[in-house]
Amino acid sequence: MNVTAPSGCDICVVGGGIVGVAAARELELRHPGAEVVVLEREHGLAIHQSGHSSGVIHAGIYYAPGSLKARLCVEGARRLYDYCAERGVAARKDGKVIVATREGELPRLDELERRGVANAVPGLRRIDPGELREIEPHASGIAALHSPATGVVDFRAVTGAMADDLTAAGGKIVTGCEVHALTAQASSITLEHSAGRTEAAKAVLCAGPWADRLAVAAGADPDPRVVPFRGAYLRLKPERAELVRANIYPVPDPDLPFLGMHLTRDPSGAVLLGPTALFVGARDAYRLRRVVPRDLVESLLWPGTRRMIRRFWRTGIVELRHAVSIGSFVEECRRYVPELRREDVERSSFAGVRAQAIARDGSLIDDFVVSETERAVHVRNAPSPAATSSLALAELIADRLDAVS
Ligand SMILES: Cc1cc2nc3c(=O)[nH]c(=O)nc-3n(C[C@H](O)[C@H](O)[C@H](O)COP(=O)(O)OP(=O)(O)OC[C@H]3O[C@@H](n4cnc5c(N)ncnc54)[C@H](O)[C@@H]3O)c2cc1C
């Protein structure tokens, strides 16, 4: 990777997560000979969300038909499998079940099935408890959906492969370079950063947890704000990993943009349980107690956060319980894998922090949000399944940037 930021380039992409790298790759391939430069503040790629996810290639079931998520996830997953096959990145398409355990969840399972069919999710079908047992012998429920097109991959490896494509095509990646200001001129945009300044014809901002700050720095509305939600995981002990063949998911709460705690066999064969979804005091709260005063103050001063807390405080208490008590965490997962016991799991230091955009009115924004300021395109909300969707999302970002004059 290059160490010095150039003083000028054609397109400057801020953020070396999977979305930024995919967008830079798409732009470099689309405009051969253009100088595309990625500026990343950490000393490596995929250090934040892209390197701290469940690693699930989502098939596109959950998302409102017609939304960006619905379109880009189905298309993105298809392209991601092809890309991994082409580039030799290990991806396993071993399916998933979404399990309803109570009568009250059946209308929501129906709605998921309706959405999945409307979104043209490949192979999705309703299964009965007997078929569920055949697919996942240790799962139990009164009805389920089976999605054979769901899979797993290491998104860090995908980001690495895309970064190689970018540099092979002539693009540059500069790490250890934090951007803090953007100023648009008549025919260029200047990015001020820890290594000086870079003047680009156009810029793309894919800063994940810090996306709102760069958007505001470029003159955009502060609405929506990014608020961090920590996702902690447990791991099944290797001798009990046979409890899960592939992916077992609950029926999610329709009021929240999170999919609920699931059991996932990752690409290495280990089974992860999680993630939790706890509002935390830092955008990089990989440790539960980490607090960054600026992050916490910005979250709490945002009217949307206070409205969200008033609405979801009960859910917050449940999440806090899961975060501090392994017993409560396991109890939740035991609803759909009844044989699971406290002694089957071990703590894992692995945790991720979701960058979730919250609107001023307190709603948790579900769909991807991509917007423009002068000479720049901003990705302001790219939660799950943005890693799955990255190749398709990159195309949308490049289309939007090409339209920016
Ligand atoms: C717990 C968890 C589980 C998830 N599970 C899944 C899943 O199973 N499947 C799925 O598809 N998605 C999943 N996701 C979502 C997925 O990880 C994200 O949607 C995706 O990684 C977003 O990528 P990104 O590039 O936008 O953000 P990030 O990966 O967070 O990258 C943003 C980058 O911008 C850099 N940056 C920020 N500010 C600056 C600045 N000022 N200057 C320079 N650089 C800057 C950061 O250092 C960072 O590297 C999960 C997320 C979490 C947290």
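This is a predicted model: local features need pLDDT of at least 70, side-chain atom pairs count only at pLDDT 80 or more; totals for chains, interfaces and linings use all residues.
Arg126 forms a salt bridge with Asp110. Their closest N and O atoms are 2.8 Å apart. Arg126 sits in strand β6 (residues 125–127), while Asp110 sits in helix α3 (residues 106–118), so the pair ties together parts 16 residues apart in sequence. Asp110 also counts as partly exposed, at 38% relative accessibility.

Why can such side chains pair? Side chains of opposite charge can do so when their charged atoms come close.

## Other salt bridges

How many salt bridges does a search of the whole structure find? The search finds 36. One of them joins Arg290 and Asp284, with an N to O distance of 2.8 Å. Is Asp284 buried or exposed? Asp284 counts as buried, at 16% relative accessibility. Arg290 is partly exposed, with a relative accessible area of 29%.

Asp154 and Arg156 also meet through their side chains in a salt bridge, at 3.5 Å from N to O. Asp154 is partly exposed at 30% relative accessibility. Arg156 is partly exposed too, with a relative accessible area of 45%.

Some salt bridges link up into a network. Its members are Asp212, Arg213, Arg225, Arg283, Arg294, Asp295 and Glu298.

## A patch of positive charge

Which residues gather in a patch of positive charge on the surface? They are Arg306, Arg307, Arg310 and Arg360. Arg307 belongs to helix α8 (residues 303–324). At 38% relative accessibility, Arg307 is partly exposed.

## A three-strand sheet

Three strands make an open sheet, in the order β3-β8-β4. Their pairing is antiparallel. The edge strands are β3 (56–57) and β4 (91–92), and each pairs on one side only. Strands of a sheet pair through backbone hydrogen bonds.

Look at β3 and β8 (residues 151–153): two bridges join these antiparallel strands. Val56 stands opposite Val152, a residue of β8.

## Ile142 in a loop

Where is Ile142 found? Ile142 lies in the loop between α4 (129–135) and β7 (143–147). Ile142 is partly exposed, with a relative accessible area of 37%. In sequence, Ile142 and Val99 are 43 residues apart. In space, they are 7.6 Å apart, C-alpha to C-alpha.

How values were computed: Residues are numbered from 1 along each chain as its sequence is written. Side-chain values use heavy atoms; hydrogens and water are left out. Patches are made of residues with over 30% relative accessible area and no salt bridge: like charges are joined within 9 Å, nonpolar side chains (Val, Leu, Ile, Met, Phe, Trp, Tyr) within 5 Å. Accessible areas come from the Shrake-Rupley method with a 1.4 Å probe; for residues, only the protein chains shown count as cover. A salt bridge is a side-chain nitrogen of Lys or Arg within 4 Å of a carboxyl oxygen of Asp or Glu. Lys and Arg count as positive and Asp and Glu as negative; His and the chain ends are not counted. The place of a charge is taken as NZ of Lys, CZ of Arg, CG of Asp or CD of Glu. Helices (H or I, at least four residues) and strands (E, at least two) are DSSP runs, numbered from the N terminus. Buried means under 20% relative accessible area, exposed over 50%, partly exposed in between (1.4 Å probe, protein chains only). Two strands pair if DSSP finds at least two bridges between them.
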